[in-house]
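Subject: Structure handover

Hello,

Here is the structure I promised to pass on. My notes follow below it.

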Amino acid sequence: MTPISRRKLITSGLAATAGVSGLAVASHLSRRFGLIPPDCAGPYGLGTTLTYAAQRLITAHSPARQFPRGMISKMPFANAIAPPNDAFKAHQASGFANWKLDVDGMVAHPTSFSLPDLRSMALNSQITEVVCEEGWSYIAEWIGTPLTDVLHCAGILPQARYIVYHSIESDWWDSIDMADALHPQTLLTWGMNDGDLPVSFGGPLRLRVPRQLGYKSVKFIHRITATDSLKSFGKGLGSSEPEFGYAWYAGI
């Protein structure tokens, strides 16, 4: 073993102490600005808190990278899935004629939007990349209605801090803070690559959150809820994903 000099040992100790002090200061700032993720407890809590706070303080309004049309990935894309359950298959058999997006919680006008309602609102499209924590990715054009337009139509209340969104799969749900909910790239997506959004990629309606990893873009969305607290949803971790080891905030 190579001997460690007294000078190096002292220098390393001071650096470690400074690092711990820096983490403590950063944690204090996170709490001061209310940038504490709902899954902040546990062995990785400090790391997830610092990641979330740093990105919110530095890149709150930054856009996800967009690509030229020539870079759209060729089929087949990764992570195609089958129709999830019998209730969904009934909607599919009717051409999604009765599919509704319910908007409730901290809004002045709880309401429901049909797919034609959403398509009649302002359209937005983007060519962005779906990036999975498991290592795969693909680039596609996503077409839909900005979530912020739907929230404003429902009269989002100023005390709302999060938007919780639910798949037709009852145990599949997630949430985002208002910085992502009101970001112009966050779409209620009903189209993909110049066509309808395929069922295998979340059709008829998927929330696309391009500034976060792919698992935040939940498929088969049928309900969104505005809230000031995530404690009463699931286990209070802000999503079904942290229950399986994933972080609530997955910014990229």
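A residue is called buried when its relative accessible area is under 20%, exposed when it is over 50%, and partly exposed in between, using a 1.4 Å probe and protein chains only. By that rule Trp142 is buried, because its relative accessibility is 0%. Over the chain of 252 residues, buried ones make up 46%.

This is a predicted model, so local features need pLDDT of at least 70 and side-chain atom pairs count only at pLDDT 80 or more, while totals for chains, interfaces and linings use all residues. Residues are numbered from 1 along each chain as its sequence is written, and side-chain values use heavy atoms, with hydrogens and water left out.

Overall layout

The chain has six helices and ten strands. These are DSSP runs numbered from the N terminus: helices are H or I with at least four residues, strands are E with at least two. A contact means heavy atoms within 4.5 Å. Among contacts between residues at least 6 apart in sequence, 67% join residues at least 24 apart.

At the start of helix H3 (residues 86–93), a side-chain oxygen of Asn85 comes within 3.3 Å of the backbone nitrogen of Ala87. Gly95 follows H3 and has a positive phi, near 70 degrees.

Aromatic rings

Rings of Phe, Tyr and Trp (its six-membered ring) pair if their centres lie within 6.5 Å; planes under 30 degrees apart are stacked, over 60 edge-to-face, and the rest tilted. The count comes to 15 aromatic pairs. Tyr52 and Trp248 form an edge-to-face pair, because their planes stand at 75 degrees, with the ring centres 5.4 Å apart. This pair links distant parts of the chain: Tyr52 is in helix H2 (residues 45–59) and Trp248 in the segment after strand S10 (221–227), 196 residues apart. Tyr52 counts as buried at 4% relative accessibility, and Trp248 is buried at 2%.

Tyr138 and Trp142 form a tilted pair, 6.4 Å centre to centre with 40 degrees between the planes. Tyr138 is buried, with 4% relative accessibility. Ring pairs also join Tyr138 and Trp142 to Phe77, Trp136 and Phe201 in a cluster.

Ser239

Where does Ser239 lie? Its place is in the segment after S10. Ser239 is buried, with a relative accessible area of 1%. Leaving aside neighbours within four places in sequence, Ser239 is in contact with Trp173, Asp174 and Trp248. The side chains of Ser239 and Asp174 are joined by a polar contact of 3.1 Å. A polar contact is a pair of N or O atoms within 3.5 Å; within protein, one must be able to donate a hydrogen and the other to accept it, and residues adjacent in sequence count only if both atoms are side-chain atoms.

On a 1 Å grid over the protein atoms alone, a cavity is a set of points where a 1.4 Å probe fits but cannot get out, and a pocket is an open set with protein on both sides within 12 Å along at least five of seven lines; lining residues have an atom within 4 Å of a point. Grid points are joined across faces, edges and corners, and a volume is the space filled by probe spheres set on the points.

The structure holds one cavity of 30 Å³ or more. The largest cavity is lined by Pro37, Asp39, Thr48, Tyr52, Ala247, Trp248 and Tyr249. The largest pocket has a volume of about 280 Å³. Of its 15 lining residues, the closest to the centre are Asn79, Cys132, Trp136, Gly214 and Tyr215.

Regards
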